[in-house]
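Good morning, and thank you for making time for this item.

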Amino acid sequence: MAVLSLTPFSTFTILSPMDSILFFLTLTISASSVPWLVLATPTSCDFPAIFNFGDSNSDTGGLSAVYGQAPPPNGETFFHKPAGRYSDGRLVIDFMAERLGLPYLSAYLDAVGSNFTQGANFATAGSTISPISLNVQFYEFNDFHRRSQTYRNQGGVFEKLLPKEEFFSRALYTFDIGQNDLTAGYFLNMSGDQVRAYVPDLMNQFKTIIQNVYDQGGRSFWIHNTGPVGCLPYILDRLLITAGQVNRIGCVGPVNDVAKYFNTKLNETVVELRKQFPLAAITYVDVYSVKYTLISKAKELGFVEPLKACCGPGGKYNYNVKVGCGWKGVVDGREVEGTSCKDPTVKINWDGIHYTEAANKWVFDQIVGGAFSDPPVPLAMACPRQ
């Protein structure tokens, strides 16, 4: 990746008039011959809105709007009450909104108290790329785009709750999905090879969704790969794992290998999309590497028990599929409850599936500057540079 970074602190050499002309011509030729060359400037993209697509890792209230709020202690750390998120506090998408100076995203499915002026969240817990979940999210977005303008043009309260038409082309479109596609295969007793076999189909469907959003005017895309799912308590607890499959930090190696295969194919898909849509800025973010570092170096980073959930009913991984965080149930003949640990700020995993606010903040801090992005641009500058 070739990046020219011009910052207020750069050191400049005074060139002769002829040298200046040659330097300018060199830049012009390079930029025209390499369409993905990023000329970074101190100017941010000034995104007026975020439209997010994904699963429970970025769901800010979609599933809760349909089935009722995620119960306490979800939300306890930051919101001090349930807030539609499967965490003790904020998610990575919340920190992204904060950094861009935007409000937290209202879930598209939430009819109460929502404000969509500066974006909407179509992510819903349990979503997959295949067979229909991501398609449904796009259908929701398509309908929202069309109908929001019809109502906004009526003025009044609608003008204060719905985005301007121009925001759809200037917005940041974020994607964090794929984890459930992989884990669903394992829970259906598929082998790793069988799960790998359907990944190309997932990529074809993903490409279609990006194309559809592009056709709606979207030009700035921020795409997270999937994390090390073999390190999540609900995988460690539910799958039949042999000692030889467990790596040095306690994660299921073969499951992580499938996640890395998914990410390789996703990266290849993004490269294809850049060629197909040269006017778009499509940023691939390596969340896997960040999360794996967090888990493998937990103690150094101030965290404890990286493979054990904070909120759960007890057990080796503090997870049980029958008793989720905030719920009561019977396990081995006795009633148990999924309760929170004493200090979520030193825990990585919240409920066996999702991350704590502290972990989400750490992940966000690593990716926001572009160090794990391809191309290596910061979040605030992930838009087309014309």
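**Surface and salt bridges**

F158 counts as partly exposed, because its relative accessibility is 31%; the class lies between buried, under 20% relative accessible area, and exposed, over 50%, with a 1.4 Å probe and protein chains only. Please note that this is a predicted model, in which local features need pLDDT of at least 70, side-chain atom pairs count only at pLDDT 80 or more, and totals for chains, interfaces and linings use all residues. Residues are numbered from 1 along each chain as its sequence is written, and side-chain values use heavy atoms, without hydrogens and water.

Of the 386 residues of the chain, 51% count as buried.

I now turn to the charged pairs. The whole structure holds 13 salt bridges, each a side-chain nitrogen of Lys or Arg within 4 Å of a carboxyl oxygen of Asp or Glu. In one of them, the side chains of R90 and E357 meet at 3.1 Å, N to O. Because R90 lies in the loop between helix 2 (62-67) and helix 3 (92-99) and E357 in helix 13 (residues 357-367), this pair ties together parts 267 residues apart in sequence. Helices here are DSSP runs of H or I with at least four residues, numbered from the N terminus. Are these two residues buried or exposed? R90 is buried, at 15% relative accessibility, and E357 is buried as well, at 10%.

Finally, D46, E166 and R170 are linked in a network of salt bridges.

Technical notes
Helix = DSSP H or I, 4+ residues; strand = E, 2+ residues; numbered from the N terminus.
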